[in-house]
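Here are a few exercises to work through with the model open beside you. Try each task before you read its solution.

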Amino acid sequence: MASQGRRVSLPTSGEDGILARVSNAVSQSSIISQGKRIASDTAYVTKKLLRSTGKAAWIAGTTFVILVVPLIIEMDREQQFNEMELQQASLLGAPPAAQQKFLYLENPNLAKGGAAPLINADANANFSL
Amino acid sequence: MAAPTSFNTTKPTVETKEKVDYFNLPCPIPYEEMHREALMSLKPEVFEGMRFDFTKGINQKFALSHSVFMGPTEIPSQSSETIKIPTAHYEFGANYLDPKLMLLGRVLTDGRVNARVKCDLSDNLILKANAQLTSEPHMSHCMVNFDYKGKDYRSQFQLGNGALFGANYIQSVTPNLSLGGEVFWAGQHRKSGVGYAARYSTDKMVATGQVASTGIVALSYVQKVSEKVSLASDFMYNYMSRDVTASFGYDYILRQCRLRGKIDSNGCVTSFLEERLNMGLNFILSAEIDHRKKDYKFGFGLTVGE
């Protein structure tokens, strides 16, 4: 009985009520479908964009970790080493070293250039083999 | 042939500075070591896994070396994906070093033997021999070189197994520029070829160019920025396989370490750090990332002795 009643009632509700007609008109209008397409397109593009930016960031980041980070660490260590040596030399009170330190304070490049040959003779001896 | 001409253009600037004595030119660098500065900076021995090297000098001339390597090694395969299998081997070596005679021998646990001889036959003539013996058939190689060093030139004659003959000659043209050429004939593969090379070097920079009839064009440039830092770049073009590679790298030689980094056009980033922990104790870190193939190689090692 209930199924019969439903069968009867279905066509009556399918008859265009005001609300259904409005919703149909809205959902089938070209503006809405266009809007939907644009929305899905933008979503797709943003997704792609995000993914490729992420990939680029990943590549740049790993490259940075491999190429630049060790370089920064080693440069820093080298500088610390140089400073320590200068300090030690000035503590020992060797006059030329003290002079060098003053030079270093005034013009860091000059002192670096002065200390360079010593460093390199040592480093080359170790690694040229 | 583009390479030599490009170097010729830089020649006049040198000549104008001072009168060059063309009968007293310096001896050039051997032909095969043409690119050595660029190779030193751009081609460190990258490895994957762990290695431990120990060298012990018995006396002034004689030294023994032991090295252990553990890690994955790549197997060549047809597919694009690389296949790696874990391997471990131990290498025993004996070195005899004398100014006149150098003997090196290496034995690996998998049966490979490597032997090198360098012997000064006279002041100008040097004999070099290199042999690699393996248990697999057709994989053993042997090569004998005769190097003749003249006042401003060097020539070399090569003999190898598989009826390989080669000869090369390099001549200093100006104090900075040297030009060379080579011919080779490989009887087994029925191949022959010629090659030309030019090298322009000052104390601040080195530029080299090489072309060969096998279709290879190689250019390299190394700039010494300071005593500690040098920057290198190279370009390689293979006409036969249409392969183009360019790479750029830095080489820092500091008091405590040597750091080399490289990036190339195949999306491969490499860095190699040798850190001196103590006298005769070096720690090695090696990293290689191939973004395109998604192949990541990291290795560490310890070198004791030397």
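## Exercise 1: a charged pair in chain B

At 3% relative accessibility, B:Asp251 counts as buried. This is a predicted model.

## Exercise 2: strand 17 and its neighbours

Work out which strands pair with strand 17 of chain B, and in which sense they run.

*Solution.* First, look at strand 16 (residues 257–264) of chain B, which runs antiparallel to strand 17 and is joined to it by 8 bridges. One bridge pairs B:Asp264 with B:Cys268. The hairpin of these strands leaves 3 residues between them, and B:Gly267 in the turn has a positive phi of about 80°.

Second, turn to strand 18 (residues 281–290) of chain B, which pairs with strand 17 in the antiparallel sense over 10 bridges. Here B:Thr270 has B:Glu288 as its bridge partner. This hairpin has 2 residues between the strands, and B:Gly280 takes a positive phi near 70°.

Third, consider burial: 9 of the 11 residues of strand 17 (residues 268–278) are buried, so the strand is largely enclosed by the rest of the structure.

Finally, look for a side-chain link. B:Glu274 forms a salt bridge with B:Arg260, their closest N and O atoms being 2.9 Å apart. B:Glu274 lies in strand 17 and B:Arg260 in strand 16, 14 residues apart. B:Glu274 is buried at 16% relative accessible area, and B:Arg260 is buried at 9%.

## Exercise 3: where the chains meet

Describe the contact between chain A and chain B, and say how many salt bridges cross the interface.

*Solution.* Begin with the extent: 22 residues of chain A and 27 residues of chain B take part. The area buried between them is about 2,500 Å², with carbon and sulfur atoms giving 62%.

Now for the charges. The rule finds 3 salt bridges across the interface. In one salt bridge, A:Glu85 meets B:Arg255 at 2.7 Å, N to O. Helix 4 of chain A gives the most to the side of chain A that touches chain B, with 9 residues.

Another salt bridge joins the side chains of B:Lys228 and A:Glu78 at 3.8 Å, N to O. B:Lys228 sits in the loop between strand 13 and strand 14 of chain B and A:Glu78 in helix 4 of chain A, so the pair joins two chains. Both residues, B:Lys228 and A:Glu78, are buried.

Definitions and conventions:
Residues numbered from 1 in each chain as written. Chains lettered and ligands numbered in written order. Heavy atoms only, no water. Buried < 20%, exposed > 50% of the residue type's maximum accessible area, 1.4 Å probe, protein only. Helix = DSSP H or I, 4+ residues; strand = E, 2+ residues; numbered from the N terminus. Pairing = 2+ DSSP bridges. Contact = heavy atoms within 4.5 Å. Buried area = accessible area lost by both parts, 1.4 Å probe. Salt bridge = Lys/Arg side-chain N within 4 Å of Asp/Glu carboxyl O.
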